[in-house]
Amino acid sequence: MSITAEETQEQIVAATKARNRALIDEVLKVYPEKTAKRRAKHLNVYEEGKPDCGVKSNIKSVPGVMTIRGCAYAGSKGVVWGPIKDMIHISHGPVGCGQYSWASRRNYYIGTTGVDTFVTMQFTSDFQEKDIVFGGDKKLEKIMDEIEDLFPLNHGITVQSECPIGLIGDDIEAVSKKKSKEYGGKTIVPVRCEGFRGVSQSLGHHIANDSIRDFVFEKAGAKPREFTSTPYDVAIIGDYNIGGDAWSSRILLEEMGLRVIAQWSGDGSLAELENTPKAKLNVLHCYRSMNYISRYMEEKHGVPWVEYNFFGPSKIAESLRTIASYFDDQIKEGAERVIEKYSRLTQQVIDRYRPRLEGRTVMLYVGGLRPRHVIGAYEDLGMNIVGTGYEFGHNDDYQRTTHYVKDGTLIYDDVTGYEFEKMVETIQPDLVGSGIKEKYVFQKMGVPFRQMHSWDCSGPYHGYDGFAIFARDMDMAINNPVWSLTKSPW
Amino acid sequence: MTQNADNVLDHFNLFREPEYQEMLKNKKEQFEYPEPQEKLVQVREWTKTWEYREKNFQREALTVNPAKACQPLGAVFAALGFESTMPFVHGSQGCVAYYRSHLSRHFKEPTSCVSSSMTEDAAVFGGLNNMIDGLANTYNMYKPKMIAVSTTCMAEVIGDDLNAFIKTSKDKGSVPGEYDVPFAHTPAFVGSHITGYDNALKGVLSHFWDGKAGTVPALVREPNEKINFIGGFDGYTVGNTREIKRIFDLMGVDYTILADTSEIFDTPTDGYFRMYDGGTTLEDTAAALNARATFSMQAFCTEKTLPLIAEHGQEVVALNCPMGVKATDHFLMEVSRVTGKPIPEELRKERGRLVDAIADSTAHIHGKKFALYGDPDQCLGLAAFLMELGAEPTHVLATNGGKEWEAKVRALFDSSPFGKGCNVYAGKDLWHMRSLLFTEPVDFLFGNTYGKYLERDTGTPLIRFGFPIFDRHHHHRYPIWGYQGGMNMLVRILDKIFDEIDNNTNVPSQSDYSFDIIR
C-alpha cells in the first residue's frame, strides 16, 4: 500500500479537525446549558475555503466565565488616546482605572515627561462620594484650570470617562466646550468611553476615533498650521509604538521615499493628528482600532487607506509593494530597494533561528490585529499556528483571518479562562502567545509563553529590525533550559 | 542598518543608532510642532522651584500620579486568601481585567477572578441577571468552595443590592442554597484598595460568624486559646506570612492566618496550574470566632474588620506594619502576653543578630534623610524603622492616608530626635512629592515602581518598597516583618547606599580616592 505525501497531509488535517471538534465539545460540557449554547457559537474549526472562521464575535461576554476582555475606557484611554504625548488625558472618575492603566502599555515616546509630554503619568479626578452625589462637572472645570496652571506646555486635554460619568448625568461636553473657549480655542476632547459601554475594548476604539473626528479635525480646520505637502505624504495609522514598533516601521517607509507626516497614536502629537487629512495615503496597521477614522478621512477628505502588515519578512515585502502601488515608480523602486537592503539581514535571521524553531506549534490569543498579523512572522521561521482567536474582534477580522490560517486551525473568540486552559492542555503547543493574565497560567503548566500585547518587555517586533528581535525572543522562550526543569527527577 | 542576527539589538540599543536618532529628530522638528527649546527649559526649571511647589500644593481638584488604587483591588486580594475561593466582582468587566493584570504584574503569578460583565442594559435595568448567570457559570466552571462577591463603581452607582441579588440567585438555582457567597460593597469612590481589603474581609467574617446573611443561626463564640492573624493588603504577603508562621511555630502559638495569600501568590512551576492553592480554610474562618484575640499587622487595612471582631468578644491588637527591632519586640511581646507563651531563646538570638547588623552598618545610615510614600501602615512602620537606624524620615506621604494617620505619624516624629523637622503629607500624590524632592532634597526615596519617575526627574535614588513593584522581581518573596524582615530591609537600604557611594566616587583622577574596597 502506498500513500502519497498529499494523502498523508490530508489525513493529518482530518485528524486535527476531528481532535479540535472533540475538544470543543469537551470544553462546552462544563457549562450550564444556556451558557454552553452561547459559547458554542464562539468556538470553531476553520474549514478552508470558507469566507470567515465560522464564529460569532463582538457579542457580550458571558458573566462569570473569566473573560480576558477589557472595557471601552481601556480601548480609548489605554489604546487610542493615551499615547498622544503632548496632550493630558484625564481619567475622569474614581482612581482605579487610571492607576491600573498607568504606563503599562509600553507606548514609547520622546519627550520631557511632566513638562511637554505626559504619556507615563496618571491624571485623575479621583472621584469621591460627593462627586457621585453632586456631580463632577465643577470639579472637572477646576481640574482643567489646574492643568493649565501647572502644565502650561500641554497642547490639549482629553476627558476619558469612567463608568460613573455616564450614570450620574455629568455634562463633560459642556465643560469641555466652555473651557476650550476660555483658553482661546484649546483642543479639549470629551470622550464618552465609560467602561460599561459596548462589549469590550472595541467600542472604546470607535468612540475615541469619533472624538478625534469631532474635536480634533473640526477644530483644526479653524486654525490651520503651516504645512507644506509633498506627493509622498503618508500617515501611519494604528501603530501604538509598543517597544518602538512605529519607529521600526517608519524607518522603512522613509527609506522607500515616503514622508511620514503622522503616527497614530504611538509617539504621536496633536499636530500630527490635525495634519493627517493632508496625507496622500493612510497606511493602516491595526485595522480593528482605527478603521473608523480611516474610512472617515477617505469619505470626507478623499484620503485612501490601505492595510499593511509589518510582521515578518514575507508580509513586510508584500506590504511595502502594496503601499508603493499607490505611488509612482520612484516609490516602487524605493520599495524594491528596501526589500533588497534588508534581505541579507532577513536571511541571516532565518538561517540562525529557523532550524531552532522549525515545526514548532503556536497558539495565539490576543487583541486587535495580532491574532492574524503575526502568523506570517511565525511561518517565516517555520512555525505553525494551530489555534488563534480575538479578544474583541468583529466578523471582518475573522474574514481577514482566513487569509492567514490553515485548514483545521482551532478558532476561539472571547475565550474563557477555562476553555483556553483546557485547549492548551490538550493540544500541547510549543508556545502560547497571549497576555499578562494568561502568561503565568501556562508557564506553570510548563508551556513556553510570550506576551503578545506588550512584547514581554521586549520589542520592537515590527519591520525588519523588529523581526530579528521577534525571532530571538521566540527562540529564547521555546528553547529555554528552564522548561526541562519543571518535572522533579525523582 | 545596524541590526544583525548574531547580536540582535532590541529597544534598549536599537533606537540609539544614528539612523533612528536622525529619524526621531526629523519627526520632532517637522511634524510635532514642539515648544521652543528655551521655553521647555524654562518651564522644566520652573517646576523645580518653591513657587511651583506652592502652586502645586494649592491643587484642590486634580490628582497627578496618586499612590493608591481602588477598593475592589483590595477586595480581590483578600478573597484570594481563602481556600479555593473565586473572587467575583459585580459590575463592568474591564475592571477585573485590570485587577488581574495589576496583581499578576507584581507577583508574577496568575490571578483568578471573574466579573459579572455588566453592560448598558444592566446599567438601565440593574445587574440581577448578570449575577444569576454569573454565579451559575463560575460555580460550574471553576468549582470553587466559595465565591466572594465585591462590586465595581458601576454597580454601586446604580445601587445594586448584593444581599438581595445573591438570595435571588440562590432561589433561581445558580448555586446551592447553603453555598457560601460572602459579599462586600466596595465602591471605588470611597477610600482605596486598603478600604476594599477591609470591607471584603469583614464581609467574609460576618458571613461565617453572623448567620450567613440570615440563612443559618449565628455562631456562638466558644473561646479557645488560638489567635487570629491578619496581614492586610501586603505586597510582601508571600515572604511576610511565611515568616510570621515560622515565628508562631517557634513560639508554639496556635493560630489562624485570616486571608492567607502566601500560597496562591507563590505557586510552583511544575507542569500544573493551580487555580487555587493554600488559603484560610472555610472551617478555620468560621472557627476564628472562637479565638482569644486577633492581631492586625496593618490597622488602617482593618478599620472596620477589627471593630467587628471586637464586638464578638475578642481582644484585638492593632499594629502599623511593625518593622525593625522595637516594633518587632512589641509585636512579639503582645503575642506572648495574649497567648501566655514565652518568646523563645531563638528569637532573642535573631533579635541580637539584627541589632548586630545595625551596629555594624549604622555609620552609613545615620543622619541620612529619606522620603517615603506608600500605604498608611507601611509608611508608619518604615518611618519608625528609619528613626531606629538613626535616619530621618524627612517626607512621609500617603495618598490614602487621612487625618488620623497624619496625627499618628506626627506623634511618631515627636517620639525621637530623628523625627525633628520631618513632615507628613496625608492625601497628597507623587506630583506633590516631586516638588518636595526638588525643594527640600533628601538622600534617598522609598516607594513603589512608580517612584522611578521621581528618581529620574529629581535624581533621588529609589529604594523600592511597597506595592506595586513591577520592575524588580521577587521582592515579594522576602519578608519585611520579624527580625529577619528587618534584616532584609537593612540590606536593601545598605546596598543602595553603597551603590550610590560607589557611583559617585568612580571618576578616575577626580573622585576615585573615595572608591574604597572596604566600607
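Me: How many salt bridges does the rule find across the interface of chain B and chain A?
Reply: This is a predicted model, in which local features need pLDDT of at least 70, side-chain atom pairs count only at pLDDT 80 or more, and totals for chains, interfaces and linings use all residues. Residues are numbered from 1 along each chain as its sequence is written, chains are lettered from A and ligands numbered from 1 in the order written, and side-chain values use heavy atoms, with hydrogens and water left out. A salt bridge needs a side-chain nitrogen of Lys or Arg within 4 Å of a carboxyl oxygen of Asp or Glu. Across this interface the rule finds eleven.

Me: Which side chain meets Glu60(B) in a salt bridge?
Reply: The N to O distance is 2.2 Å. The partner of Glu60(B) is Lys142(A).

Me: How many residue pairs are in polar contact between chain B and chain A?
Reply: A polar contact is a pair of N or O atoms within 3.5 Å; within protein, one must be able to donate a hydrogen and the other to accept it, and residues adjacent in sequence count only if both atoms are side-chain atoms. Both residues need pLDDT 80 or more. The count is 47.

Me: Which helix gives the most to the side of chain B that touches chain A?
Reply: Helices are DSSP runs (H or I, at least four residues) and strands likewise (E, at least two), numbered from the N terminus. The leading helix spans residues 93-107 and gives ten residues. This is H6 of chain B.

Me: What area do chain B and chain A bury between them?
Reply: Buried area is the accessible area (1.4 Å probe) that two parts lose on being put together, summed over both. Carbon and sulfur atoms carry 63% of it. The total is about 9300 Å².

Me: Which residue is the bridge partner of Phe123(A)?
Reply: Strand E3 (123-124) of chain A pairs with strand E1 (63-64) of chain B in the antiparallel sense, over two bridges. Strands pair if DSSP finds at least two bridges between them. In E1(B), the partner is Val64(B).

Me: Which are the edge strands of the open sheet of six strands in chain A?
Reply: The order is E1-E12-E11-E10-E13-E14, with mixed pairing. An edge strand here pairs on one side only. The edges are E1 (43-45) and E14 (449-451) of chain A.

Me: Which residue stands opposite Val362(A) in E11(A)?
Reply: E10 (361-364) and E11 (384-388) of chain A run parallel, joined by three bridges. Opposite Val362(A) stands Ile385(A).
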